Amino acid sequence: MIVSEHLCLWPIERQDLTKNYTWANDLELTRLAGATPLPRSSQDVEQWFRNLNLNPEQHIFAIKTHEGAYMGNIEFRGLDLRCGCAEIGIIIGERQFWGQGYGTEAIRSMCRFGFGELRLHRLYATTLSNNPRAAHLFEKCGFIREGTQRQAYFQNGQYLDIMIWGLLENEYHSLAR
């Protein structure tokens, strides 16, 4: 478990699937996350849950308050311990937790874990050009915009840019002081 001032990050449990089912079928959330907005069945979510621990390069954690309120997920994808890098992604599915700093706290906690416990050298993230709140979140956490994949994602009848964000271990440590 990864613990911070207000949050605990721990593996997703079966009891969390109902909210994941709801979030997977929320059109606004799937568009902001860049997921394919296909309807998901409870069987789809169950299969996703069963496969969570099969990929050693992906680690997904539930984001919960110390009181147990489940608000979203945060993950490392493409975890490469040899090269010391991973992609970080986050979704706050419960809207009542938006804009209260929980996303910032969760990202900072994963950075602390990644750069500290896993001894990573680089974390990176991608955001869609139609999600300025996500871009602001990563920027607020010290990530630097490294580039743009122009018109690389098609959504809702238009092509969107994908912005690439990066944070190096030494940059993180200079921010954490």
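Here are some questions and answers about how features of this predicted model get their labels.

The model is predicted, so local features need pLDDT of at least 70 and side-chain atom pairs count only at pLDDT 80 or more, while totals for chains, interfaces and linings use all residues. Residues are numbered from 1 along each chain as its sequence is written, and side-chain values use heavy atoms, with hydrogens and water left out.

Q: Why is D26 called buried?
A: Buried means under 20% relative accessible area, exposed means over 50%, and partly exposed is in between (1.4 Å probe, protein chains only). D26 comes in at 18%, so it counts as buried. You'll find D26 in the loop between α1 (17–24) and α2 (27–33); helices (H or I, at least four residues) and strands (E, at least two) are DSSP runs, numbered from the N terminus.

Q: What makes the link between the side chains of D26 and R95 a polar contact?
A: A polar contact is a pair of N or O atoms within 3.5 Å; within protein, one must be able to donate a hydrogen and the other to accept it, and residues adjacent in sequence count only if both atoms are side-chain atoms. The side chains of D26 and R95 make such a contact at 2.7 Å.

Q: Why is R108 called partly exposed, while R119 and N156 are called exposed?
A: R108, in helix α4, has 41% relative accessibility, so it counts as partly exposed. R119 has a relative accessible area of 70%, so it is exposed. N156 is at 58%, so it counts as exposed too. R119 sits in the loop between α4 and β6, and N156 in the loop between β7 and β8.

Q: What makes the phi of R119 worth a look?
A: Most residues other than glycine have a negative phi. R119 isn't a glycine, yet its phi is positive, near 55°. N156 also has a positive phi, about 55°, and it is not a glycine either.

Q: How do you know that β2 and β3 pair?
A: Two strands pair if DSSP finds at least two bridges between them. Strands β2 and β3 (residues 59–65) have five bridges, in the antiparallel sense, and L9 stands opposite I63 in β3. For β1 (residues 2–3) and β2 (residues 7–11), the count is two bridges, again antiparallel. There, I2 has L9 as its bridge partner.

Q: Why are β1 and β7 said to stand at the edges?
A: The open sheet has eight strands, in the order β1-β2-β3-β4-β5-β6-β8-β7. β1 and β7 (144–155) each have a single partner strand, so one side of each is left without a neighbour in the sheet.

Q: What makes K64 a charge over the ring of Y70?
A: A charge sits over a ring if NZ of Lys or CZ of Arg is within 6 Å of the ring centre and within 35 degrees of the ring normal. K64 lies over the face of Y70, 5.3 Å from the ring centre. K64 also stands opposite Y70 in β4.
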